[in-house]
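Subject: Structure for your study

Dear colleague,

Please find below the structure that I am handing over to you. I would ask you to look through it first and then to read the notes that follow.

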Amino acid sequence: MITKHDPAYFNERREKLRRRMKREQLVGFLVSKPENVTYLTGFSGEDSYLLVTLDHAILISDSRFTEQIREECPGLEAYIRPGGVSLVQAAARMIKKTKLSTVGVEAGSLSVASFGKLQDAVNGVEFAKTENWIEEHRAIKDKEELQRIRTAVTIAQRAFQAVRATLRPDQSEKEVADLLDHQMRLLGARRSAFPTIVGVGPRAALPHVIPTSKKIGEDVFVLVDWGADEGWYKSDLTRVVPTGRIAPKFVKVYNTVLKAQKAAIEAIRPGVTAEDVDRAARQVIEEAGFGRLFGHGLGHGVGLEIHELPRLGPKVQTVLRPGMVVTVEPGIYIPNWGGVRLEDDVLITRDGHEVLTSLPKDLDEVATV
Ligand code: ZN
Ligand code: ZN
């Protein structure tokens with residue numbers, strides 16, 4: 001649950017949306033993405049929409065959440081839909097009741113079916129399909145959001161250190177993932193930020209590997225990609241731990257990824273574009289001859305969602321601004337051999353950047369920790 005706030009905290013966010021609505025000549029905006037509803041209200045339940053008008057905000061929900069709304073969003077107007085009235089029907093009712101003529105909808109989250117039903121239910125209303133309006137606001141974190149991300153980082157790091165300290169060759173990928181998840185919860189996380197990835201040897205080359213019964217001792221290194229959800233805000237890290245006698249090839253791949261990551265982090269400051277930062281890492285990997293083996297973007301924003309704006313990658317012209325938090329996660333993936341990826345969370349500050357994560361990553365440190 002978001003800390004109890006002065007309702008003005010959330011109203012200020014809605015005012016920002018209203019300013020954009022006015023610029024784009026909309027008198028209403030239907031928020032359907034759950035994280036955006038949370039961002040604008042502090043409400044943490046599900047199956048709810050928020051209808052924002054130029055002078056009102058109505059949370060459209062159902063009776064399961066009546067009490068929670070009172071607690072989490074004091075003073076916020078709510079429409080609790082009666083049984084038998086669907087969420088879309090309830091939204092249509094509120095659009096009619098508030099006599100809105102032009103309403104923005106979130107094209108990225110409202111399904112085609114729901115949008116069709118909404119249009120049928122409110123004749124004569126003009127809908128505008130919008131994309132990323134609130135997500136763009138969410139990209140810049142305020143002081144409290146940063147504090148929450150820092151907590152999510154601390155939890156994830158402490159959990160990793162605890163599991164790392166007792167890592168044994170006979171543990172399976174799944175066991176290690178489960179232990180990490182458990183540790184994060186014990187340390188105060190609501191849950192893991194996403195399904196934890198633990199990949200031994202060649203399995204580390206699969207970007208979204210599901211942990212299996214393969215044992216840690218079956219190869220000489222293991223990739224772990226994990227993060228904590230502290231209540232809302234998330235962290236996201238990746239480390240590769242040598243677990244046996246490592247060959248020169250591993251050292252070369254690992255150090256190339258590390259050098260690429262450091263170059264990208266060094267390039268981060270306000271005013272540079274996302275593609276510039278991506279290029280800083282990609283260049284190092286290309287020069288080492290592994291260019292084709294780094295197939296994904298460099299990183300992504302992290303916050304209420306594990307993947308959010310801004311995206312760091314080739315051809316992404318987003319300009320980085322203070323308050324953004326991004327992951328920096330270059331990788332080299334070699335089929336049948338394995339993959340190395342290193343991931344840290346970085347805050348863009350007024351005069352540069354601050355790396356929020358602090359787990360060791362130089363090879364001699366990871367090998368001996
Ligand atoms: Zn990750
Ligand atoms: Zn990530």
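Predicted model: local features only at pLDDT ≥ 70, side-chain atom pairs only at ≥ 80, totals over all residues.

The protein donors of the zinc ion (ligand 2) are Asp236 (OD), His300 (NE2), Glu329 (OE) and Glu343 (OE), and they lie 2.1 to 2.2 Å from the ion. Along the sequence, these donor residues follow the spacing D-x63-H-x28-E-x13-E. Two of them link distant parts of the chain: His300 belongs to strand S12 (residues 299-301), while Glu329 sits in the loop between strand S14 (325-328) and strand S15 (331-334), 29 residues apart. His300 has a relative accessibility of 8% and therefore counts as buried. Glu329, at 9%, also counts as buried; the cut-off for this is under 20% relative accessible area.

The zinc ion (ligand 1) is coordinated by Asp225 (OD), Asp225 (OD), Asp236 (OD) and Glu343 (OE), at 2.0 to 2.7 Å. The spacing of the donors along the chain is D-x10-D-x106-E. Asp225 lies in strand S9 (residues 221-226) and Glu343 in the loop between strand S16 (338-341) and strand S17 (344-349), so this pair ties together parts that are 118 residues apart in sequence. Both Asp225 and Glu343 are buried.

How far apart do the zinc ion (ligand 1) and the zinc ion (ligand 2) lie, and which residue bridges them? They lie 3.2 Å apart, and Asp236 is the bridging residue.

The largest pocket

The largest pocket has a volume of about 580 Å³. It is lined by 30 residues, and those closest to its centre are His208, Asp225, His300, His307 and Glu329. Helix H8 (173-186), S12 and strand S13 (308-312) are the elements that give two or more residues to the lining.

Helix H5

Ser114, Phe115 and Leu118 are buried in helix H5 (residues 112-121). Seen down the axis of H5, the buried residues fall within an arc of 100°, so they line one face of the helix. An α-helix has 3.6 residues a turn, so residues three or four places apart point the same way. The face of H5 turned away from the buried side carries the exposed residues Val112, Lys117 and Asp120. The buried residues of H5 pack against strand S1 (28-31), strand S2 (49-53), helix H4 (87-97), strand S5 (102-106) and strand S6 (126-130).

Trp133

Trp133 is found in helix H6 (residues 133-138). With a relative accessible area of 6%, Trp133 is buried. Leaving aside residues up to four places away in sequence, Trp133 touches Leu17, Arg20, Met21, Glu24, Leu26 and Phe29.

Yours sincerely

Terms used:
Residues numbered from 1 in each chain as written. Chains lettered and ligands numbered in written order. Heavy atoms only, no water. Donors = N, O, S within 2.8 Å, 3.2 Å for Na, K, Ca; no water. Helix = DSSP H or I, 4+ residues; strand = E, 2+ residues; numbered from the N terminus. Buried < 20%, exposed > 50% of the residue type's maximum accessible area, 1.4 Å probe, protein only. Arc of directions from axis to C-beta. Contact = heavy atoms within 4.5 Å. 1 Å grid on protein atoms, 1.4 Å probe; cavity = no way out; pocket = protein on both sides within 12 Å on 5 of 7 lines; lining within 4 Å. Points joined across faces, edges and corners; volume = space filled by probe spheres on them.
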